[in-house]
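Please look through the sequence and the 3D structure below before reading the report that goes with them.

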Amino acid sequence: MAARDTYEMLKQRTMKKLIAAEDEEHGGLPTMTPSRLMAAAIEHDGYETPELNDKLYLHYAGYRKIQNLEPYTGLTALWLDSNGLQRLEGLEALSKLRCLFAQQNLIARIEGLDANVELRSIDLSNNHINKIENLACLPNLETLNLAKNALASVDAIAHLAELPKISTLDLSDNHLEDPAIYDVLAAMPNLTALKLAGNPVVRATRMYRKTLVVKLPNLRHLDDRPIFDLERVASEAYAVGGRDAEKAARQKYAEDERAANAAQLKRYRDWKEETRVRRTEELAKLKAEAVAEGRDPEAVTLQKRAYVTYGNVSMHDMELRDRQMRELARAEAAAERNLVHGTGIMELGRRFAEGGADGPDGSDLLDAAARRRGAESEEEKKVELGEEGGAAGGAGA
């Protein structure tokens, strides 16, 4: 263990020196060099081999440009937040990417995502984006966070109408002030969660929540709280007949809810009474049978229902299980030995290619492996016979 710790310490020290030298080449500023990317992967329990990583954390590092990510083809989640990035670029090789976190940067335009068709979630909050664009190439996009950007007009968000699969959208703390944006949002059929708080349009819209609830029939969460059925019923009634209609709708909803609860309680009580009558009849039948057989009817009781049953495991069952486990262990060991005693098929092929086998076609090596497997099979049979003989001797004793 000490040798392993020493190796890891020397490896980390070498990596730090390499990173420092690379930073010096780039003016002392952090740069996404291959060494830095490898160090970031290892730091978060990743792998030195780039394509084996499915997550990569590059946040809070001060990077100014996305680069050298081409080998990381297996990434499904990438954290780039809290850097100094000015563009979305260098992501073409990440075809499996599903989640992209690039909040708190200096990004001014949405671009460079044409190859990332598997993206489900994008977080670009706290940037300088003034228009939503270039996202129609992402057919699976479901979550989009553009809070605290520079969106200010209907044209700035009109592209959302081309993204029908989005269900969660955050546009809070922008500069939207035109109520016409509600029509754009209404064109999104799967939108269920929306945040608009912090925009001027919210303060300028009379009955803001009621308006949004009516315009977006599939919406289930608006800003800081969910939309329950009562709120939707009341909002729709208000849109039709004002406060009087809303009050009547609330009263009817409460009455319907009370009636539903009463009906459910009645069903429970009816079921309880039916069960009591049925079990009383069953008990009376059992007592009558006891009287007919000359037994004491007062000693008769109904068997309680058991939803969990317990049982005893016999010694025979335990011995059978142990035998099966031993057979499984022997089978696994035999499977390992079938790799030509650890050399493996690849090693066998290498030796054949180099002419290392005695026979012209490597037959001597294969025959030797077959003889070894035959000898091991004989040994396993002897062991098994010895176990059975020991068990028989113990039984005779």
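## The protein as a whole

This is a predicted model, and the protein in it has 10 helices and nine strands. Of its 397 residues, 31% count as buried, while the protein exposes about 24,800 Å², of which carbon and sulfur atoms supply 54%. Among contacts between residues at least 6 apart in sequence, 36% join residues at least 24 apart.

## A cluster of aromatic rings

The structure holds three aromatic pairs. In one of them, the rings of Tyr 57 and Trp 79 have centres 4.3 Å apart and planes at 20°, so the pair counts as stacked, given that planes under 30 degrees apart meet that description. This pair links distant parts of the chain, since Tyr 57 belongs to strand β1 (residues 55–57) and Trp 79 to strand β2 (residues 77–79), 22 residues apart.

Trp 79 also pairs with Phe 101: the ring centres are 5.0 Å apart and the planes lie at 15°, so this pair is stacked as well. Here too distant parts of the chain are linked, with Trp 79 in strand β2 and Phe 101 in strand β3 (residues 99–101), 22 residues apart. Tyr 57, Trp 79 and Phe 101 form one aromatic cluster.

Methods
Residues numbered from 1 in each chain as written. Predicted model: local features only at pLDDT ≥ 70, side-chain atom pairs only at ≥ 80, totals over all residues. Heavy atoms only, no water. Phe/Tyr/Trp six-rings, centres within 6.5 Å; stacked < 30°, edge-to-face > 60°. Helix = DSSP H or I, 4+ residues; strand = E, 2+ residues; numbered from the N terminus. Buried < 20%, exposed > 50% of the residue type's maximum accessible area, 1.4 Å probe, protein only. Contact = heavy atoms within 4.5 Å. Areas by Shrake-Rupley, 256 points an atom, 1.4 Å probe, with all protein chains shown as cover.
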